[in-house]
Amino acid sequence: MATQSQGSGGYAIDEALAHAFAAFGPAYKRWAKTRLSQIEMNYTHARPLHVLRCKGPQIMSGLGDELAVTPRYVTILVDGLEHEGLVSRIPHPNDRRATLIKLTESGGERCSAIGERHVEAATELLQVLSPQQQQALLDTMQTLLTELQRRGFCPEDPAVYGQAPAPPP
């Protein structure tokens, strides 16, 4: 249902917000990718590190589900990250048929560097907003993320809710 108030470009506010969300997400992702390239890691390889840091060791299929990639592609990703020393394969403690993918110390350090770069990029971009606008944006985003969580769509990063990443095993 469209609201009566007008947003940017003459659209009703709900249409303007939908367009802004649709445009901002991909543009911000591209912005963040340019910052990751400065530490020689692309977004595709950074995501598994982030998932492992936040959720702890994962079986291959679980990691693939989190990343929304095929089993073959998760194998390729893990092989590459393992070759770089960023993850390791360890036996599952309860299922001898399964292997867990675990973040190595080096992988944790790289993930921290990526996180720092992400914060730097966001800070750079958010400088166009006043401190009050930044707080209002944060409050709004937390409200929306909480609503998505209530509806069963949780972001992969527990820090969004003020929680610490999973401790290393």
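This is a predicted model: local features need pLDDT of at least 70, side-chain atom pairs count only at pLDDT 80 or more; totals for chains, interfaces and linings use all residues.
Okay, let's start at the sheet: strand 1 and strand 3, residues 99–103, run antiparallel and are joined by 2 bridges.

Zooming out a bit, we have an open sheet of 3 strands, in the order 1-3-2, with antiparallel pairing. The edges are strand 1, at 58–59, and strand 2, at 87–91, and each of those pairs on one side only.

Now, what packs on the sheet? Helix 2, residues 43–55, does, and it touches strand 1, strand 2 and strand 3. Its direction makes about 95 degrees with that of strand 3. Then there's helix 4, residues 71–83, which lies across strand 2 and strand 3. Helix 4 runs at about 110 degrees to strand 2.

Over to the aromatics. The structure holds 1 aromatic pair. That's F24 with Y28, and they're stacked, with 5.7 Å centre to centre and 15 degrees between the planes. Why are they about one helical turn apart? Because they sit 4 residues apart in helix 1, which covers residues 13–36. And Y28 has 17% relative accessibility, so it counts as buried, the cut-off being under 20%.

Last thing, confidence. The chain averages a pLDDT of 83, and 83% of the residues score at least 70. The stretch to watch is residues 160–169, where the pLDDT is below 50. Beyond near neighbours in sequence, that stretch has 18 contacts in the model.

Notes. Residues are numbered from 1 along each chain as its sequence is written. Side-chain values use heavy atoms; hydrogens and water are left out. Rings of Phe, Tyr and Trp (its six-membered ring) pair if their centres lie within 6.5 Å; planes under 30 degrees apart count as stacked, over 60 as edge-to-face and the rest as tilted. Buried means under 20% relative accessible area, exposed over 50%, partly exposed in between (1.4 Å probe, protein chains only). pLDDT is the predictor's confidence in each residue, from 0 to 100. Contact means heavy atoms within 4.5 Å. Two strands pair if DSSP finds at least two bridges between them. Axes are lines fitted to C-alpha atoms, for helices over the stretch in contact, and angles run from 0 to 180 degrees between N-to-C directions.
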